[in-house]
Amino acid sequence: KKFNMSAVASHAGTTPGSGQRHYPRGFADASHRKHASFNTGVIPLESSKLVDCIFDDISSEGSELSHKALLRLMAIYKQNTLEAALSLVDKGMVQKLVAASGRSLYLVEGSGTQPYVCFKHYCPCYYYYKNVINRPEALACKHILAARIGEALCKIETLKASNEDYINWMRTQEDAVTGAIPTPRRTPKASA
């Protein structure tokens, strides 16, 4: 099912393109505020538990995202991140790789040639580095959000892999991290 965010936003009291959000009773627009615990550079435990509860509820509702669940996600995530994540799920661009050992990761297609190798609370993309880790203004990037939504709705393909294949994907992720996160530039010391 494709989601029309404009219809959801207008139903929730938001006028698309107006820049103003009017959330239903019980929801607060926290997109402009940062919680003090965001300064740690790690998802606060309370936020992580809240998000896990929302995805547990989505899983129990079945294979369709309810209006209530969508409103809850809109209250936590930026609209453009949520729209992009739903689009990735709709296009089938998310897969879950499960190793023989039971460990798992998500493969989420991006604009590059290799998919992003993501986990429940980590992605090597630049947005995650910039907006979740470095300057905590978001709880997740579109890749993680797509993986979580897709899994909760049972809309992602699950691939079984050997432990060796899993390790190879982990190496791919390690290579992506070294390219995605800028390293500090050091000026060479002048030789005496």
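## A walk from α6 to the tyrosines

Start by selecting His 143, Ile 144, Leu 145, Ala 146, Ala 147, Arg 148, Ile 149, Gly 150 and Ala 152: these α6 residues are all buried. Keep in mind as you click around that this is a predicted model. Now widen the selection to residues 142-152 and you have the whole of α6, a mostly covered helix with nine of its 11 residues buried. Step just past the end of α6 to Cys 154 and check its backbone: phi is positive there, at about 55 degrees.

Next, show the aromatic side chains. You're looking for two aromatic pairs in this structure. Pick Tyr 122 and Tyr 128 to see an edge-to-face pair, with 5.5 Å from centre to centre and 80 degrees between the planes. That angle counts as edge-to-face because it is over 60 degrees.

Select residues 126-134 to bring up helix α5, which holds both Tyr 126 and Tyr 129. How far apart are Tyr 126 and Tyr 129 along helix α5? Three residues, or about one turn of the helix. An α-helix has 3.6 residues a turn, so residues three or four places apart point the same way. Finish on Tyr 126 itself, which is partly exposed with 45% relative accessibility.

Definitions and conventions:
Residues are numbered from 1 along each chain as its sequence is written. This is a predicted model: local features need pLDDT of at least 70, side-chain atom pairs count only at pLDDT 80 or more; totals for chains, interfaces and linings use all residues. Side-chain values use heavy atoms; hydrogens and water are left out. Buried means under 20% relative accessible area, exposed over 50%, partly exposed in between (1.4 Å probe, protein chains only). Helices (H or I, at least four residues) and strands (E, at least two) are DSSP runs, numbered from the N terminus. Rings of Phe, Tyr and Trp (its six-membered ring) pair if their centres lie within 6.5 Å; planes under 30 degrees apart count as stacked, over 60 as edge-to-face and the rest as tilted.
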